[in-house]
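User: I have a model open and want to go through a few spots in it. Can you take my questions as they come?
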Amino acid sequence: MQVDMLIKDAWVYQTVRRVFEKKQVYLLNDSIYYVATELDDTLSAKITIEAEDQYLIPGLIDIHMHIESSMTTPEIFSQTVLPYGVTTVVADAHEMANVFGIEGLRYFFDCSTVLDIFQAIPSSVPSTKPELETTGGKIGLAEVTELLTWPKMICLGEAMDFKGIAYEKDSLIRQIIELCLTTNNTMPIEGHIPKIYERELADFLSSKITSDHTHQFAEHLIEKMEAGLFIELQEKSLTKEIVECLMEHRLFDHACIVTDDVMADQLQHGHLNLLVQKLVELGMPIEDALYLATYTPARRMHLTDRGRIAPGQLADIVLLDSLENWQVDMVIKSGVIAYRKDQETMYEVLQTFPAAFYHSLECEPLTKADCQLSTSTKQTSVRCRIIKREAVGTFTSLVVEEFPVADQKVQIDPLNTCYLLVQERYTKQHRISKQLIKESFTDKGCIATTWAHDHHNLLIMGNDAESMICAQKRLLELQGGYVVVKAGEVIAECPLPIGGIISQEPIAILGQRLQEVRHAMNKLGYYHANEIMSFSTLSLPVSPAYKVTDFGLLETKTQRFQSVIMKEEREGNHDDTIDL
């Protein structure tokens, strides 16, 4: 009998026992035909790969990620991550849906890729409610009904609206979950569950959500797993304490690793493989780390045809020269060699989008008045709520400070405090939310973007009107992206002209532009473990604890708006919160 390929004398990853053993692997058509200890004289192969001293592992599987976080298209993303050994992803394109609705999803996924891209139904478009944030698209029951018929839609994407999920039984998100489970009672229902424990966690899980990918803490990991959650560990959750907990209690079947968001400049250096390496650096044997990147994610998504090297499994396999340095020699996808280290990778762009996708910003130019905080008080000072961000992660808190008032304008200290504006971009209403954020800029300047989780309105942070007006003007000219302005002049920009969130430039060019934006942010005095994500999530109304939408400053857990100027200074208003 003749097979298509023989991989000879490789150290093959044995999933069941999590060990490497020398094996002979025969491929036929798109699948693994036979895994043998010795060569079989009755089998011949069209192609033989001499793999002595190399390691053969299943293709990596990332089941919670957003391609738009890399600010690129599925086509370019596929070409970029295959050489890292990633062969399957489950993409939740809720960023595209927030801008363009179901039409955006249709065009986004209308392409052919070597990488298998399965899809998650965006469950939270908008992430909360239309009364709390304005989006360009909405995903309701009618849209979900259609998406359930798409062949690659295999799960419900992260459900985020805590209040609607836990305490509003007739909320849209609860209806969406019920619709999905009525159509397919085994469909994975993915959750976004930050800092919710005990009774609140039980209230949340009554919705039938069965996973969580948010920032995990070792002291609550077992509680969440014993409550029935499958834990998807993104990079910020990979701590020594988490790894020790997983290993001590043998929790490997209840977790996997996921990337969630990988920025374009980071994507140049790796993808899910970097998390495998990080687990090893934190003390986990690579045999266990590979289990969390192949077998458990496949089982979570019911992708039973992949995730291990065994007869009948899809021939998605990676040949490595070195486990320690993740030196990929070859990637085989569905039985075909998709990448070899000694062959130049040819990149091409074929995917197209409607012309309207390149002209999606409907904003009036900012004025000087838009960049100031006014008050009707006759007092000489006011006390204001100020957002304070953390140096690591995306959580925020509030502090209260007193500012002088002159000509009915709040006078901020521009070296210690910035204005934080969100300008609605979809309906031409010129709605602008004005807040304050504790930010120590070293000079007059501004950072602005349309890549603002998840509504993607304009997000503008600055301490001087001239720079803020300049940044917004340049964003409108680019039709979206990132812009950094110092003393009224643009010093870095990264255009994202498709919906203000993605680009079709090569990853190398896009990544360089984004890196320049990071460096420019640092020059202004903005520092963070991940500057881009830190800034872009200041507008995410499901992330603790205080974020900004075009409607105002939102306490995300209670979904109550709070005024920037406190009530004792707000004449005629005795309630300084707005409950929507």
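User: Which strand does Y33 lie in?
Analyst: Y33 is part of strand β3, residues 31-36. Keep in mind that this is a predicted model.

User: Is Y33 buried, partly exposed or exposed?
Analyst: Y33 counts as partly exposed, because its relative accessibility is 35%.

User: What does Y33 form on the surface, and with which residues?
Analyst: A nonpolar patch, made up of M1, Y33 and Y34. Together they have about 290 Å² of accessible area.

User: Switching to strands. What is the order in the open sheet of three strands?
Analyst: The order is β11-β12-β13, and the pairing is parallel. β11 and β13 are the edge strands, each pairing on one side only.

User: How many bridges join β12 to β13?
Analyst: Three, with β12 covering residues 230-233. One of the pairs there is E232 with C256, the latter in β13.

User: And β14, how many of its residues are buried?
Analyst: Five of the six residues in β14 (317-322) are buried, so the strand is largely enclosed by the rest of the structure.

User: How does β14 pair with β5, parallel or antiparallel?
Analyst: Antiparallel, over four bridges, with β5 spanning residues 55-58. Y55 has L320 of β14 as its bridge partner.

User: What about β14 and β15?
Analyst: That pair also runs antiparallel. Five bridges join β14 to β15, which is residues 327-333. Here L320 stands opposite V328 in β15.

User: Which residue in the β14 and β15 hairpin has a positive phi?
Analyst: W326, with phi near 50°. The hairpin has four residues between the strands.

User: Where is K208, and what is its phi?
Analyst: K208 sits in the loop between α6 (198-205) and β11 (211-212). Its phi is positive, about 85°, although K208 is not a glycine. K208 is exposed, because its relative accessible area is 53% and the cut-off is over 50%.

User: Phi of R250, what is that near?
Analyst: Near 50°, again a positive value in a residue other than glycine. R250 is in the loop between α8 (240-248) and β13 (255-257). At 52% relative accessibility, R250 counts as exposed.

User: Now Q479. Buried or exposed?
Analyst: Buried, because the relative accessible area of Q479 is 13% and the cut-off is under 20%. Q479 is found in the loop between α13 (465-478) and β24 (481-486).

User: Which backbone atoms does the Q479 side chain reach?
Analyst: The backbone nitrogen of L361, at 3.1 Å, and the backbone oxygen of L476, also at 3.1 Å.

User: What else does Q479 touch?
Analyst: Leaving out residues up to four places away in sequence, Q479 touches Y358, H359, S360, L361, L496, P497 and G500.

User: Last topic, cis peptide bonds. What does the one at V125 join, and what is omega?
Analyst: The bond joins V125 and P126, with omega about 5°. P126 is in the loop between β8 (116-121) and α3 (141-147).

User: And which residue is joined to P544 by a cis peptide bond?
Analyst: A545, with omega about -5°. A545 is found in the loop between α15 (531-536) and β26 (546-549).

Definitions and conventions:
Residues numbered from 1 in each chain as written. Predicted model: local features only at pLDDT ≥ 70, side-chain atom pairs only at ≥ 80, totals over all residues. Heavy atoms only, no water. Helix = DSSP H or I, 4+ residues; strand = E, 2+ residues; numbered from the N terminus. Buried < 20%, exposed > 50% of the residue type's maximum accessible area, 1.4 Å probe, protein only. Polar contact = N/O pair within 3.5 Å; in protein donor to acceptor, adjacent residues only side chain to side chain. Contact = heavy atoms within 4.5 Å. Patch = residues over 30% accessible without salt bridge, like charges linked within 9 Å, V, L, I, M, F, W, Y side chains within 5 Å. Areas by Shrake-Rupley, 256 points an atom, 1.4 Å probe, with all protein chains shown as cover. Salt bridge = Lys/Arg side-chain N within 4 Å of Asp/Glu carboxyl O. Pairing = 2+ DSSP bridges.
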